[in-house]
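Q: I would like to learn how to read a helix and a sheet in a model. Could you take me through them one feature at a time?

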Amino acid sequence: MKIQGLQKMTLLDFPGRVACTVFLGGCDFRCPFCHNGELLDGSAPAVMDDAELLKFLKGRQGLLDGVAITGGEPLLRKDLPELLRAIRELGFGVKVDTNGNHPDALAALLQEGLVDYVAMDLKNSPEKYALTVGLDNLDLAPIRRSVKLLMDSSIPYEFRTTVVDELHKAADFEAMGRWIAGAKAYFLQPFTDRDSVPFAGLHAPTRENLEKYASMARVYVPYTSIRGL
């Protein structure tokens, strides 16, 4: 498997673990605010393969206790379960980030017990979802199924929304809060502009608005928090 990036240590990406973060290229969404825009089409050069990653992890046993897999969209990789089995055999916990558009792949990972934590992006309210992910049309059924899979599961998970002033308004957080009512955790994180973001001219919400949005969602998901302020 080609691996497009590796952050050798993080205390932020995998709650409760000292982890590394593995970046996999390729994504079926085209979110205009994506922080990893260089990974979207899968053409970013590989920095290593799976054998080299596993060699790195063997050398970090006792120093790290988790591996966070992100992208792009990791669940597009058909050989992801094989990699996760190998990582777990080395004694590491596994976190996977997903856009939620691949519920069959997510269900397979959950059923086999290959993940210890899942972070799913909840992009926007249903009526604005396609716009927010940069597509003309989008079938929300897979997203809804992934939400249900996580909420019915016993593993730790979170939903998270990157909040962009041009894309999100207060009513969206009322709608998203209702959608995931009773979820274990929901995080709002303000958009941060970077050179890799595909579209220019996007902005973070004001702190006041971000706190208002969190308060609205908290009615439905008591553990709603702001990340990144």
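This is a predicted model: local features need pLDDT of at least 70, side-chain atom pairs count only at pLDDT 80 or more; totals for chains, interfaces and linings use all residues.

Q: Which residues of helix α3 are buried, and which are exposed?
A: A residue is called buried when its relative accessible area is under 20%, and exposed when that area is over 50%. In α3, Pro103, Leu106, Ala107 and Leu109 are buried; because these residues cover an arc of only 160° around the axis, they lie on the same side of the helix. Asp104 and Gln111, on the other side of α3, are exposed.

Q: What covers the buried residues of α3?
A: The cover includes helix α2 (80–89), strand β7 (117–121) and helix α5 (141–152).

Q: How should I read the sheet, and in what order do its strands run?
A: Strands of a sheet pair through backbone hydrogen bonds, in either the parallel or the antiparallel sense. Here eight strands form an open sheet with mixed pairing, in the order β2-β3-β5-β6-β7-β8-β9-β10. Its edge strands, β2 (5–10) and β10 (224–226), each pair on one side only, and neighbouring strands of this sheet are turned by 20° against each other on average, direction ignored.

Q: In which sense do β7 and β8 pair?
A: β7 and strand β8 (residues 157–163) pair in the parallel sense, over four bridges, and alanine 119 stands opposite glutamate 158 in β8.

Conventions
Residues are numbered from 1 along each chain as its sequence is written. Side-chain values use heavy atoms; hydrogens and water are left out. Buried means under 20% relative accessible area, exposed over 50%, partly exposed in between (1.4 Å probe, protein chains only). Helices (H or I, at least four residues) and strands (E, at least two) are DSSP runs, numbered from the N terminus. The arc is that of the directions from the helix axis to the C-beta atoms. Contact means heavy atoms within 4.5 Å. Two strands pair if DSSP finds at least two bridges between them. Axes are lines fitted to C-alpha atoms, for helices over the stretch in contact, and angles run from 0 to 180 degrees between N-to-C directions.
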